[in-house]
Amino acid sequence: MKTLHLQTRAEEMADITAQVQAAVDESGVAEGLCCVYCPHTTAALTINENADPDVARDILYALGQSFPPHAAFRHFEGNSAAHVKASVLGAAVTVPVQAGRLGLGRWQGIFFCEFDGPRTRQYTVTVLGTAQNAQPAP
Amino acid sequence: MKTLHLQTRAEEMADITAQVQAAVDESGVAEGLCCVYCPHTTAALTINENADPDVARDILYALGQSFPPHAAFRHFEGNSAAHVKASVLGAAVTVPVQAGRLGLGRWQGIFFCEFDGPRTRQYTVTVLGTAQNAQPAP
Amino acid sequence: MKTLHLQTRAEEMADITAQVQAAVDESGVAEGLCCVYCPHTTAALTINENADPDVARDILYALGQSFPPHAAFRHFEGNSAAHVKASVLGAAVTVPVQAGRLGLGRWQGIFFCEFDGPRTRQYTVTVLGTAQNAQPAP
């Protein structure tokens, strides 16, 4: 398990694909599963398009519209909407690993989603599976 | 890892339970975890009731109501609502495998959710765990 | 795979963290992944804050507001909103295991979410990875 850190803005979807692939490289696993995990309760992980940055921007906008603050919220910190979004997107993403590469689709990236920043955050990468076969002897 | 294909309609939840179980059978894994993964950014995977088809129909209806198109969306392709639904349901489902069978509940099925079809789509099935024990010698 | 049971109220988020950690202990796995799975279609699992109980209360409130019953729902059992919430939160949570402990954040707990109770429910805990190394001989 590898722990990585990032500094977030107030609200954002930070593309962490390259960092996760580097952790997969380090693990030496060729075939298996990679689990990226967010140990925070007002942030989350998701997989979506990382080609047009307007996609992430629209997702954050839509989540703000669909999960607004409510006058009836009681949590004393006043960030309940961020907790709701964290549960809706989820604390973990799992991606297959094949030939040592994340099995992401052509337009997919892995995003760390901040709903209550700015903060110093972390996430972990765990890779399970079988190691790269040694090259067959000539 | 096994890759499977399907042809989707404009919007639908396609029951892929049998195809996923067949991939588990092929893997030879008896005890472990099965991860089904969707490499697209306007489609997703979910687990829900596959007995009454009205459940899937109601889920799609509710997602359409809760995550509508917004005039403020900027993504040039105009399918941001589909990207939002993809992140809300998620790109992967993980199901335990026991005695070679998916550990689904009695009413559960695995669905490929199309939010921006019709398209030719794919998904992958990765199974990790321990193989069926050989019969002990007599 | 270990199966655990609980009796739920009409709607609630029941903290099952201690039970899941006990199942991890029993598994003997030191480094790997723990998958908690809900085999029901109107309940789900999530990870969020378990320090202030108002967080769970606010999440249930917000889900009720964001995914209300609709007159257009057709499922004959009348609990479609519960099915929608089950798919939005998801049937499984995956958490890394390190040194035999769930890799949860300081404020995180694992919750069984009931959206259509009271009922007798169950969930399973599957742990994959490598066992605790024996102490090296002196």
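User: What makes the area between chain C and chain B count as buried, and how much is there?
Analyst: Buried area is what two parts lose on being put together, summed over both. In this predicted model, chain C and chain B bury about 2400 Å². Carbon and sulfur atoms give 62% of that area. On the side of chain C, C:Met1, C:Tyr37 and C:Ser87 lose the most, together 24% of what that side buries.

User: Which residues are said to be in contact there, and how many does each chain give?
Analyst: The cut-off is heavy atoms within 4.5 Å. The contact takes 28 residues from chain C and 32 residues from chain B.

User: How many salt bridges and polar contacts does the rule find across the interface of chain C and chain B?
Analyst: A salt bridge needs a Lys or Arg side-chain nitrogen within 4 Å of an Asp or Glu carboxyl oxygen. The rule finds zero. Polar contacts need N or O atoms within 3.5 Å. Twelve residue pairs are in polar contact, both residues at pLDDT 80 or more.

User: Which element of chain C supplies the largest share of the side that touches chain B?
Analyst: Helix 3 of chain C does, with six residues. The residues of that side divide into 15 nonpolar, eleven polar and two charged.

User: Why are the buried residues of helix 1 of chain A placed on one side or on several?
Analyst: Buried means under 20% relative accessible area. A:Thr17, A:Val20, A:Gln21, A:Ala23 and A:Val24 are the buried ones.

Terms used:
Residues are numbered from 1 along each chain as its sequence is written. Chains are lettered from A and ligands numbered from 1 in the order in which they are written. This is a predicted model: local features need pLDDT of at least 70, side-chain atom pairs count only at pLDDT 80 or more; totals for chains, interfaces and linings use all residues. Side-chain values use heavy atoms; hydrogens and water are left out. Buried area is the accessible area (1.4 Å probe) that two parts lose on being put together, summed over both. A polar contact is a pair of N or O atoms within 3.5 Å; within protein, one must be able to donate a hydrogen and the other to accept it, and residues adjacent in sequence count only if both atoms are side-chain atoms. Helices (H or I, at least four residues) and strands (E, at least two) are DSSP runs, numbered from the N terminus. Ala, Val, Leu, Ile, Met, Phe, Trp, Tyr, Cys and Pro count as nonpolar, Asp, Glu, Lys and Arg as charged, and the others, Gly among them, as polar. Buried means under 20% relative accessible area, exposed over 50%, partly exposed in between (1.4 Å probe, protein chains only).
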